[in-house]
Amino acid sequence: MDGKPHPNKDHRFRVLEATMKRHQYQPNSLIEVLHKAQELFGYLEQDVLLHIAHSLKLPPSQVYGVATFYHFFSLTPSGRHTCVVCMGTACFVKGAASLLSTVEQIAQIQTGETTRDGCLSLSTARCLGACGSAPAVVLDGQVVGYQTSEKLGQQVTQMMGHPQCKVAT
Amino acid sequence: MDLQELQTLAKREQEILSAPCIRCCTVGGCLSANALEVKKQIEVAISTQALTPPIQVRGVGCMGLCSRGPLVRLDPSGILYDQVTAESVPELVHACQETLQSNLPKELPNNTPLSLPQPSSYQPRHHPFFTLQHPIVLENSGHIDPKEIKEYMANKGYIALYQALYDMTPSEVIDQITQSGLRGRGGGGYPTGLKWSTVAKMPPGQKYVICNGDEGDPGAFMDRSVLESDPHRVLEGMAIAAYAVGANQGYIYIRGEYPLAINHLETALRQARKQGLLGSQIFESPFDFRIDIRIGAGAFVCGEETALMASIEGKRGLPHPRPPYPAESGLWGCPTLINNVETFANIAPIIRNGAEWFAGIGTDKSKGTKVFSLAGKIQNTGLIEVPMGTSLRQIVEQMGGGVLDGSAKAVQTGGPSGGCIPVHAFDTPVDYESLTRLGSIMGSGGMIVMDQATNMVDVARFFMEFCMEESCGKCVPCRAGTVQLHQLLTKICEGKARTDDLESLNQLCEMVKDTSLCGLGKSAPNPILSTLHFFKDEYLELMHNKASDDHHSS
């Protein structure tokens with residue numbers, strides 16, 4: 001997801017408020033509201049979840065339950081760069097597992113983690129539906145197909161070599 | 001909008017569309033192969049040259065052959081150019097110009113033919129990949145701009161809805177669907193007409209129609225392609241269904257992983273509402289029907305209908321036991337009709353052409369066509385639509401052009417709920433019953449080809465890992481059983497298992513299958529059972545081979 005920080009926090013809450021209002025603060029709009037909140041904030045902070053719970057008149061436990069049930073929602077901030085390796089069957093058959101371990105080795109993190117300096121987040125996707133160009137990877141929101149360990153390794157190294165991203169290893 | 005208005009609009013648009021045009025695929029696989037840049041370059045090249053005759057440039061939906069993208073087609077000649085790059089655009093435009101002037105297809109010098117070693121035929125569209133297809137669901141795919149309702153109208157769009165509203169009663173619509181023999185394309189194969197009539201028989205009141213676009217099977221991208229390439233077809237199918245069962249509100253539940261499909265659907269909904277084809281008094285009749293989009297948030301179990309409805313209600317996607325079936329008590333306790341994207345995409349052609357026409361295609365018990373996404377270790381990856389009963393061999397060897405290097409070992413159908421069909425059973429006709437007999441299922445239409453290098457035990461473990469992580473955790477057999485099965489398979493892959501572990505594996509599979517609450521758990525053991533049945537020697541080999549190589553432990 002879009003993890004860009006926003007300078008004006010109040011503005012984001014205003015947009016969120018407008019979304020909830022459009023759904024008439026219906027409790028059944030929870031998932032739509034969470035989608036919007038994650039789009040705005042990059043991840044779901046606890047105070048955002050509480051705010052949503054109060055606005056939609058839902059118990060915080062239910063909001064937390066829904067936010068943690070779905071893979072799409074993240075309760076922790078993601079890194080400046082993201083790498084999502086598709087683990088669909090077509091990609092798996094074409095060697096997605098070795099792509100994943102390549103990135104894990106380079107970034108020294110496990111799948112689902114972010115590097116300590118907040119530079120790169122690594123995750124997997126169930127299937128991107130880009131099976132025609134398997135194995136596929138999403139780098140910073142861009143789907144790139146026909147990946148090899150060498151190609152992907154180079155790109156990830158390049159991302160991490162960015163001046164703002166010096167890996168502490 | 002009335003019929004005359006619709007026909008006038010359609011006719012005017014048909015004239016515009018019949019002019020020379022370069023159509024560029026701008027969705028799916030082509031998009032990730034830089035198709036937008038190619039389209040832009042073509043537009044620039046055309047606008048800088050004053051061409052006679054003038055050539056239009058349009059972005060269209062999926063043309064099917066995703067692995068050879070970006071695809072570009074010159075109409076009306078129908079010549080297909082594959083693997084177009086921004087650099088080859090000047091050459092392509094020149095070839096198009098010559099073709100239009102001479103009426104003879106002009107070849108691109110470096111345009112290599114589809115999986116043919118020698119450039120004997122440069123025309124991909126003459127390849128069996130295209131010639132063996134029978135497009136019904138995909139009839140407009142790759143021909144119309146999915147963001148233009150007028151282009152859909154020019155291709156008989158919304159005529160079926162008009163026919164249903166003005167020439168047929170709801171029960172006549174249901175009769176047509178029943179007689180057509182259409183069965184649910186989401187995987188189960190339940191007769192669509194029967195499902196519709198169950199909902200229609202419920203007492204009048206609030207009813208819902210849901211389109212299940214939560215295409216969760218890894219390796220399947222049919223629904224994504226239909227929604228991206230021809231969204232109005234699904235809306236029309238839903239509206240006809242709503243008229244037949246007496247619903248006034250619909251939901252399309254679509255995966256959050258498909259942003260382009262969501263975008264195209266939103267555009268389509270806006271346009272349909274504006275034209276009076278959705279909303280209040282559709283076609284100026286008393287029939288009202290609204291559709292809202294609900295975006296999924298990445299949970300495989302939400303493809304299961306009761307879990308999907310929980311998700312629409314804003315809750316965690318937990319399934320509940322059936323009965324009561326959604327047809328009796330579904331969304332918010334109201335009678336609900338829930339069908340797959342492809343099922344709805346079949347409705348308008350059936351109403352337009354009649355049930356008999358549809359029933360004439362396919363096999364005795366499986367009517368019509370099925371869209372498959374052909375992927376894996378195969379030459380031609382992409383989307384195909386074939387009549388039911390086409391053999392796997394035809395699909396894999398002729399249409400798919402065979403395996404990349406080496407030979408095929410199996411085809412996996414039905415995703416994590418399906419099984420692996422070995423090469424010796426490739427002459428099986430693809431229909432609901434034949435695949436079930438082989439221990440697999442039709443599923444939503446993912447078809448993954450595996451070659452000799454693929455380790456089938458590892459494949460079974462891959463699917464079990466998937467089911468283990470996607471289990472919602474509500475019932476014990478699925479929550480705990482999938483973990484145990486995964487552990488057993490890992491043990492086998494690492495060469496630490498003994499032959500009696502195979503017996504436990506088998507027993508546990510049967511137990512999970514028989515006692516789980518919903519389809520996810522019930523079908524989770526299928527990949528193990530089918531590989532155990534057809535590839536038992538691979539399991540046995542790992543029993544004796546203690547020092548299994550490292551790549552299984554990644």
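1. B:Glu469 and A:Arg126 form a salt bridge across the two chains, with their closest N and O atoms 2.6 Å apart. A salt bridge here is a side-chain nitrogen of Lys or Arg within 4 Å of a carboxyl oxygen of Asp or Glu. Side chains of opposite charge can pair when their charged atoms come close. Between chain B and chain A the count is 3 salt bridges.

2. The model is predicted; local features need pLDDT of at least 70, side-chain atom pairs count only at pLDDT 80 or more, and totals for chains, interfaces and linings use all residues. Residues are numbered from 1 along each chain as its sequence is written, chains are lettered from A and ligands numbered from 1 in the order in which they are written, and side-chain values use heavy atoms, with hydrogens and water left out.

3. Confidence should be read before the details. The model has an ipTM of 0.87 and a pTM of 0.92. For chain B the mean pLDDT (the predictor's confidence in each residue, from 0 to 100) is 91, and 94% of the residues of chain B reach 70 or more. Residues 109–122 of chain B have a pLDDT below 50, and this stretch has 27 contacts in the model beyond near neighbours in sequence. Residues 546–554 of chain B also have a pLDDT under 50, with 14 contacts beyond four places in sequence. Contact means heavy atoms within 4.5 Å.

4. How much area do chain B and chain A bury between them? The value is about 3200 Å², of which 60% is on carbon and sulfur atoms. Buried area is the accessible area (1.4 Å probe) that two parts lose on being put together, summed over both. In chain B, the residues that lose the most area to chain A are B:Ala297, B:Arg316 and B:Phe462, together 17% of what that side buries. The contact involves 31 residues from chain A and 49 residues from chain B.

5. The interface also has polar contacts. Between chain B and chain A, 15 residue pairs are in polar contact, both residues being at pLDDT 80 or more. A polar contact is a pair of N or O atoms within 3.5 Å; within protein, one must be able to donate a hydrogen and the other to accept it, and residues adjacent in sequence count only if both atoms are side-chain atoms. Several elements of chain B each supply at least two residues of the side that touches chain A, among them strand S7 (290–295), helix H13 (305–312) and helix H18 (456–470). Helices (H or I, at least four residues) and strands (E, at least two) are DSSP runs, numbered from the N terminus. H18(B) gives the most to this side of chain B, with 7 residues.

6. Over all chains, the whole structure holds 27 salt bridges. One of them joins B:Glu151 to B:Arg58, with the closest N and O atoms 2.7 Å apart. B:Glu151 lies in helix H6 (residues 149–154) of chain B and B:Arg58 in strand S2 (residues 56–60) of chain B, so the pair ties together parts that are 93 residues apart in sequence. B:Glu151 is buried at a relative accessible area of 1%, and B:Arg58 is buried at 16%. Buried means under 20% relative accessible area, exposed over 50%, and partly exposed in between (1.4 Å probe, protein chains only).

7. A salt bridge also joins B:Glu433 and B:Arg183, with the closest N and O atoms 3.2 Å apart. B:Glu433 is in helix H17 (residues 432–437) of chain B and B:Arg183 in the loop between helix H8 (170–180) and helix H9 (192–201) of chain B, 250 residues apart. B:Glu433 is partly exposed, at 26% relative accessibility, whereas B:Arg183 is buried, at 14%.

8. Within helix H10 of chain B, B:Arg224 and B:Glu228 are 4 residues apart and therefore separated by about one helical turn. Their side chains meet in a salt bridge (3.3 Å, N to O).

9. B:Gly216 lies in the loop between strand S5 (208–213) and helix H10 (222–229) of chain B. B:Gly216 is buried, at 13% relative accessibility. Leaving aside neighbours within four places in sequence, B:Gly216 is in contact with B:Arg255, B:Phe300 and B:Phe466. The C-alpha atoms of B:Gly216 and B:Phe300 are separated by 5.3 Å, although the two residues are 84 residues apart along the chain.
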